[in-house]
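Trainee: I would like to learn how to read features off a model, one at a time. Where do we start?

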Amino acid sequence: MSDIPEGFERARFSSPFLDMAGPYYVRHDPDRIVVGTRIHKGQINHIRVAHGGVLGTLADVALSLQVHEAEDPPLPVATMNLNTSYLAAAKLDDWVEAHADIDRISKRTAYCSGRIMCGDTVLMTMTAVFAILRR
């Protein structure tokens, strides 16, 4: 797709829900994985901005992916808690990026935080706790 910023590749993770919610793209920066998507018509609500669930799902995807890929082999994770603060709206055709950091990780739990951006505008801040389902 030509309207995807340079450095991003189509995400390899997939599920019927994520396929419907996305599509998602990833870029591997030195200190994190950035997850992006372009807001499309199916994600717009009655006030002509992206539905809050679109950004909430992106937050969960980006934070969990950061933990999932923190080790090799990848860690199986489950969301225990997700907190979001909506600060601004995304509009049709906006490119939005989720930047996530692992704040603390232990054998069974990971604590993460991040933000969703559209250009220089912070759309959302988020924190999450994940269970790490080690075998």
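Mentor: Start by placing a residue among the elements: Arg48 lies in the loop between β3 and α2. This is a predicted model.

Trainee: Is Arg48 buried or exposed?

Mentor: The label follows from relative accessible area, with exposed meaning over 50%. Arg48 has 70% relative accessibility and therefore counts as exposed. Its backbone is worth a look too: phi of Arg48 is near 70°, a positive value in a residue other than glycine.

Trainee: Which other residue has a positive phi, near 75°?

Mentor: That is Asp93, again not a glycine. Asp93 sits in the loop between β4 and β5.

Trainee: Where is His51, and what does it touch beyond its sequence neighbours?

Mentor: His51 is in the loop between β3 and α2. Leaving out residues up to four places away in sequence, His51 touches Gln43 and Asn45. Its relative accessible area is 46%, so His51 is partly exposed. For a sense of distance, His51 and Pro30 are 21 residues apart in sequence and 31 Å apart in space, C-alpha to C-alpha.

Trainee: What can be said of His40 in the same terms?

Mentor: His40 lies in the loop between β3 (33-38) and α2 (52-68). At 29% relative accessibility, His40 counts as partly exposed. Apart from neighbours within four places in sequence, its contacts are Gly22, Pro23 and Leu92.

Trainee: Which peptide bond links Gly22 to Pro23, cis or trans?

Mentor: Omega is the angle to read. From Gly22 to Pro23 it is near 10°, and the bond is cis. Pro23 belongs to the loop between α1 (16-21) and β2. A cis peptide bond also joins Asp72 and Pro73, with omega about 5°. Pro73 is in the loop between α2 and β4 (77-86).

Trainee: Why is β3 described as largely enclosed by the rest of the structure?

Mentor: Count its buried residues, where buried means under 20% relative accessible area. In β3, 6 of the 6 residues are buried, so the strand is largely enclosed by the rest of the structure. Both faces are covered: Ile33, Val35 and Thr37 are buried on one side, and Val34, Gly36 and Arg38 on the other.

Trainee: Which strands pair with β3?

Mentor: Read pairing from the bridges and the direction. Strand β2 (residues 25-28) runs antiparallel to β3, joined by 4 bridges, and Val26 has Val35 as its bridge partner in β3. A hairpin through 4 residues connects β2 to β3. Strand β5 (residues 95-105) also pairs with β3 in the antiparallel sense, over 5 bridges, with Thr37 opposite Val96 in β5.

Trainee: How is empty space found?

Mentor: Rolling a probe the size of a water molecule over the atoms shows where empty space is left. Here the largest pocket holds about 220 Å³ of space. Its lining includes Phe13, Leu18, Asp60, His68 and Val77.

Trainee: Which element gives the most to that lining, and how do its residues divide?

Mentor: α2 gives the most, with 5 residues. By type, the lining residues of the largest pocket are 7 nonpolar, 4 polar and 1 charged.

How values were computed
Residues are numbered from 1 along each chain as its sequence is written. This is a predicted model: local features need pLDDT of at least 70, side-chain atom pairs count only at pLDDT 80 or more; totals for chains, interfaces and linings use all residues. Side-chain values use heavy atoms; hydrogens and water are left out. Helices (H or I, at least four residues) and strands (E, at least two) are DSSP runs, numbered from the N terminus. Buried means under 20% relative accessible area, exposed over 50%, partly exposed in between (1.4 Å probe, protein chains only). Contact means heavy atoms within 4.5 Å. On a 1 Å grid over the protein atoms alone, a cavity is a set of points where a 1.4 Å probe fits but cannot get out, and a pocket is an open set with protein on both sides within 12 Å along at least five of seven lines; lining residues have an atom within 4 Å of a point. Grid points are joined across faces, edges and corners, and a volume is the space filled by probe spheres set on the points. Ala, Val, Leu, Ile, Met, Phe, Trp, Tyr, Cys and Pro count as nonpolar, Asp, Glu, Lys and Arg as charged, and the others, Gly among them, as polar. Two strands pair if DSSP finds at least two bridges between them.
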